[in-house]
Amino acid sequence: MTAMDTFAARYLSGDALWGDDFTPQQIEEWFADEREAYADLGSASSCAEAYGYHGLNLQSGYRHLPGRRFAHALGVGSAFGGEFLPLLERIDKITILEPSSRLRSTDLRSVPLRYVDPSPAGDMPFETDTFELAVCLGVLHHIPNVTKVVQEMGRVVAPGGWVVIREPVISMGDWRSRQHPGLTKRERGIPRRLLEAAVRDAGFSIQSSVFCAATLTPRIGRVLRRNLYGTRWGAAVDRALAVSTAWNYRYHADNLWQKLRPSAVCIVAQRQ
Ligand SMILES: C[S@@+](CC[C@H](N)C(=O)[O-])C[C@H]1O[C@@H](n2cnc3c(N)ncnc32)[C@H](O)[C@@H]1O
């Protein structure tokens with residue numbers, strides 16, 4: 001077996017997650033590469049009010065949350081905090097773990113907002129059971145030590161509290177030799193089975209886990225000149241595409257046909 005065969009059998013097959021078994025030094029290097037990588041892609045000039053995924057988040061995640069109040073919410077990699085806007089009337093205060101110094105808001109309408117730097121090791125500087133809600137949308141795939149970070153989410157969310165996680169569940173290409181336009185150097189999706197296992201092992205009970213972000217959706221959006229993820233009807237179209245291509249789901253695609261599949265999963269889970 002060549003080194004490539006071994007790598008493909010272990011990581012591109014989706015059996016193990018690239019990065020999750022890294023040494024502390026490898027994790028530090030990855031963290032440093034990603035710290036400002038999303039800001040460097042051009043998002044630093046954006047803001048919370050310009051957030052473009054509300055339809056997707058409502059359709060695949062937030063509608064599965066209970067209608068209760070959340071005294072203290074945690075955003076993991078929430079950048080400007082725009083993803084919280086649909087929930088804002090039910091939240092008293094928000095803390096955001098965000099490595100970038102350029103992806104930060106000064107406030108979020110009237111809700112107090114505090115930023116905290118994450119650590120490469122993944123330890124979160126919060127007491128156990130601090131939060132009633134944690135939101136982590138499109139972030140874990142930028143992080144090497146995913147299992148550790150999800151474990152920490154399980155520790156800092158109080159029993160009965162909730163988590164919403166949406167992540168790519170496809171490889172996003174062969175990340176070893178990549179400088180792909182529009183992607184950061186290190187990002188890679190997380191195999192669905194491994195992501196759900198990490199959430200369960202962290203003490204959460206999964207209440208909903210749905211495929212979303214079909215690979216066809218952005219193409220249809222370009223034809224219609226619409227961001228389909230921004231509205232509920234657009235997200236419903238995406239959901240239909242994701243469901244109808246779910247049979248073709250695989251972690252790593254070798255050809256165009258295999259790429260016809262949902263690319264992400266949204267999980268809503270309650271802390272036991
Ligand atoms: C694709 S963006 C998603 C931002 C936001 N959640 C959204 O949905 O628009 C990825 C975010 O993860 C942040 N990030 C990267 N490494 C991180 C880490 N180790 N811990 C927390 N956030 C991280 C990035 O700075 C960026 O804000």
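This report covers the sheet, the helices, the salt bridges and a nonpolar surface patch of a predicted model.

## The sheet

Seven strands make an open sheet, with 7 strands in the order β3-β2-β1-β4-β5-β7-β6. The pairing is mixed. The edge strands are β3 (113–116) and β6, and each of them pairs on one side only. From one strand to the next, the twist averages 15 degrees.

Several strand pairs can be followed in detail. β1 and β2 run in the parallel sense and share 6 bridges. Here Leu-74 stands opposite Thr-95 of β2. β2 also pairs with β3, again in the parallel sense, over 4 bridges. Thr-95 takes part here too: its bridge partner in β3 is Arg-114. β4 and β5 form another parallel pair, with 6 bridges. Ala-134 has Val-163 of β5 as its bridge partner.

Strand β2 covers residues 91–97. Of its 7 residues, 5 are buried, so the strand is largely enclosed by the rest of the structure.

## Helices on the sheet

Helix α6 touches β5, β6 and β7. Its direction makes about 155 degrees with that of β6. Helix α8 touches β6 and β7. The direction of α8 makes about 95 degrees with that of β6.

Helix α5 spans residues 146–156. Its buried residues are Val-146, Val-149, Val-150, Glu-152, Met-153, Gly-154 and Val-156.

## Salt bridges

Side chains of opposite charge can pair when their charged atoms come close. The model has 12 salt bridges.

Arg-109 and Glu-49 form one of them, at 2.7 Å from N to O. This pair links distant parts of the chain, 60 residues apart. Arg-109 sits in the loop between β2 and β3, and Glu-49 in the loop between α3 (37–40) and α4 (54–60). Arg-109 has 52% relative accessibility, so it counts as exposed.

Arg-104 bridges to Asp-117, with the closest N and O atoms 2.7 Å apart. Arg-104 belongs to the loop between β2 and β3 and Asp-117 to the loop between β3 and β4, so the pair ties together parts 13 residues apart in sequence. Both partners are partly exposed: Arg-104 has a relative accessible area of 27%, and Asp-117 has 48%.

Asp-123 and Lys-148 meet in a salt bridge of 2.8 Å, N to O. Asp-123 is in the loop between β3 and β4, while Lys-148 is in helix α5, so this pair ties together parts 25 residues apart in sequence. Asp-123 is partly exposed at 42%, as is Lys-148 at 34%. Elsewhere, Asp-33, Lys-185 and Arg-186 are linked in a network of salt bridges.

## A nonpolar surface patch

Val-223, Leu-224, Trp-233 and Val-237 make a nonpolar surface patch of about 390 Å². The elements that give two or more residues to this patch are α7 (217–224) and α8 (232–245).

Leu-224 lies in helix α7. Its relative accessibility is 41%, so Leu-224 counts as partly exposed.

Key:
Residues numbered from 1 in each chain as written. Predicted model: local features only at pLDDT ≥ 70, side-chain atom pairs only at ≥ 80, totals over all residues. Heavy atoms only, no water. Patch = residues over 30% accessible without salt bridge, like charges linked within 9 Å, V, L, I, M, F, W, Y side chains within 5 Å. Areas by Shrake-Rupley, 256 points an atom, 1.4 Å probe, with all protein chains shown as cover. Salt bridge = Lys/Arg side-chain N within 4 Å of Asp/Glu carboxyl O. Buried < 20%, exposed > 50% of the residue type's maximum accessible area, 1.4 Å probe, protein only. Pairing = 2+ DSSP bridges. Axes fitted to C-alpha atoms, helices over the stretch in contact; angles between N-to-C directions. Contact = heavy atoms within 4.5 Å.
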